[in-house]
Each structure stands twice: as structure tokens, then as C-alpha cells.
Amino acid sequence: MKADTKPPVLLIHGMWSDANTLHEVTSAFEESGYTAQAVTLPYHCPRARHTATSRNALAATRLQDYVACVLEQVQQLDAPPILVGHSMGGLIAQLVAARVPCERLILLSSAAPAGINSIRWSVLKTLGRNLFHFPLWKRLTALSKANIRYGIANAQPPSIQEEIEATSGYESGFVTVQMTLGSLTRQVFSRIEPEKLACPTLIIGGTEDRITPIKVQRRIAKHYRNQPELIEIPGCCHWTIGGAFFPEVRKAMFYWLATKPAPSPHGHCR
């Protein structure tokens, strides 16, 4: 694929993150000749940069607001994009791709749409004390060092764990509740009908992921009728966007992009 014919790439970060969290993934696409842009979802930034006003605004933010933000970015592009989403960003990417045309979809350690039960003991342990913030739907959640070491970067070296801790932000408690309840019912915003994704879709997950476990990635792959390709990275944790396992993730992404036939004009996700 020639550089001038490559579709734009739009990257979507996960919980407690911002666009800078995706710097390794963004650079990988740029080095491969793509025009890549990482979106920062509303009111997301490192904790040290937050104000009382921004924290209150984030606490009131819903999953619908995140999807609207990304849809606005997609509508400003000249062509249907490749959407790349990590964790919660993977769920947002699915919700966006179900609404507008997209060239391809790449889901890295993705959260699941409604109806796929993703609640495991390891998920609850990763969320930790956040679950006891009542009422959670009016509060913020945050990652402690213990949360990161156990469930976010458990297979990463200490230097990566410390980097994640230093740059992590807050997350909307309302969104946390939406995503948790969404795994138990289909009658919520994050429901996606199996036929809604038509474009080529790649799912990459780590076998040691404790917050979006590999069994959940397998169920996401089985959920859609477009037969997504699932690649499992042995020994890899949730942090598939950088660190020790990113070379394997990068290789898998670009091999898939190079070998998977481009969709027909009528085959975009929409």
C-alpha cells in the first residue's frame, strides 16, 4: 500500500489515560507511513494537571460523551479511518465503528460490549478500593501502584510500571459503572449487534491480562459476524501499547495490515 493511499489512523486510549499514553503505537504507525492521531477523551490528563473543576466534570462524564468525542474526530477526516483502541478505547472503537464507516478496526486488550460477561475476580481486584467509593457513579476512580502492578502491567518491568503510575489520571465513576453493568445485560448503551461490524477486525490480547482477560477477547471475537482475527500474545499483560511486549504487538498489527485484503467500498464498518 503506497503512503499516499494509506487511510488515516485514529487511536483511542483507555481508562486513566490520555493521548500521550499511546505514544509508542502512534509512532509505530507514523514510521510505517500512516497519518496517525491519538484522541484525548474529555477531561483526561495526568492527575497533577487536574483542577477541582475538571475533576467534577469528569465525574459526570458518560460513555456516550466519549463516543460523541470520537465520532466528531472521525467526521473531520477525509476518509474512513483505521480505528485503534486500547482497553476502554477498544470498546469505544467498536461503538464508533458500529455507527460510521471505518476502514479497519484494531482492538488491543479491549473491553467488551454489553452482554459479554467480563467480570472476574482479577478484574475486581485490579479495580480495588475504587469499588468502595459510594456512590461510585458520582465519583472518580484512580490507579494505585498496587493496582498497576497486579492488573495493568503485571508482566512489565518496574520501570514501565512506574511510568504508568506517573502519567495515569482519573476516570469517571459513572463510566466505570456503565462498563461493569454492561457486562451483565444487553439493555445498555454499550450493546452492539453482531452484524454491525463489517470491516476487517483484528483483536490482540495477552494471556496474562487480568483486567480484560484473554477469555473475554475470545468472546469478543466470537460475538461478531465479520469473523475478527484474534492474536494471543503469550505471557503478555494488559499493557499491549508499550513496554516489553510491544515489539510483538507491533509486528502482529502491521503483518495483518499488509496481508489482510482491503475492504471493498461497501464493506466498511458502519
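Which residue follows α1 with a positive phi? Gly33 does, with phi near 90°. Welcome to a predicted model, in which local features need pLDDT of at least 70, side-chain atom pairs count only at pLDDT 80 or more, and totals for chains, interfaces and linings use all residues. Residues are numbered from 1 along each chain as its sequence is written, and side-chain values use heavy atoms, leaving out hydrogens and water.

**View 1. Six strands make an open sheet.** The 6 strands are ordered β2-β1-β3-β4-β7-β8, with parallel pairing. At the edges are β2 (36–39) and β8 (229–233), each pairing on one side only. From one strand to the next, the twist averages 15°. Strands here are DSSP E runs of at least two residues, helices are H or I runs of at least four, and both are numbered from the N terminus; two strands pair if DSSP finds at least two bridges between them. Look for β1 (residues 9–12) beside β3 (residues 82–86), joined by 4 bridges; Val9 has Ile82 as its bridge partner in β3.

**View 2. Helices lie on the sheet.** Helix α3 (residues 63–75) lies across β1, β2 and β3 and runs at about 170° to β1. Helix α9 (residues 214–223) touches β4 (104–108), β7 (201–206) and β8, and makes about 165° with the direction of β7. Angles run from 0 to 180 degrees between N-to-C directions, with axes fitted to C-alpha atoms, for helices over the stretch in contact; contact means heavy atoms within 4.5 Å.

**View 3. Helix α1 has a buried face.** In α1 (residues 23–31), the buried residues are Val25, Thr26, Ala28 and Phe29. They fall within an arc of 160° seen down the helix axis, so they line one face; the arc is that of the directions from the axis to the C-beta atoms. Buried means under 20% relative accessible area, using a 1.4 Å probe and protein chains only. These α1 residues pack against β1, β2, β3, β4 and α10 (246–259).

**View 4. Ser87 meets His238.** Ser87 sits in the loop between β3 and α4 (88–97) and counts as buried at 10% relative accessibility. Leaving out residues up to four places away in sequence, Ser87 touches several residues, including Gly14, Leu108, Thr212 and His238. The side chains of Ser87 and His238 make a polar contact (2.9 Å), a term for N or O atoms within 3.5 Å; within protein, one must be able to donate a hydrogen and the other to accept it, and residues adjacent in sequence count only if both atoms are side-chain atoms.

Key. Buried means under 20% relative accessible area, exposed over 50%, partly exposed in between (1.4 Å probe, protein chains only).
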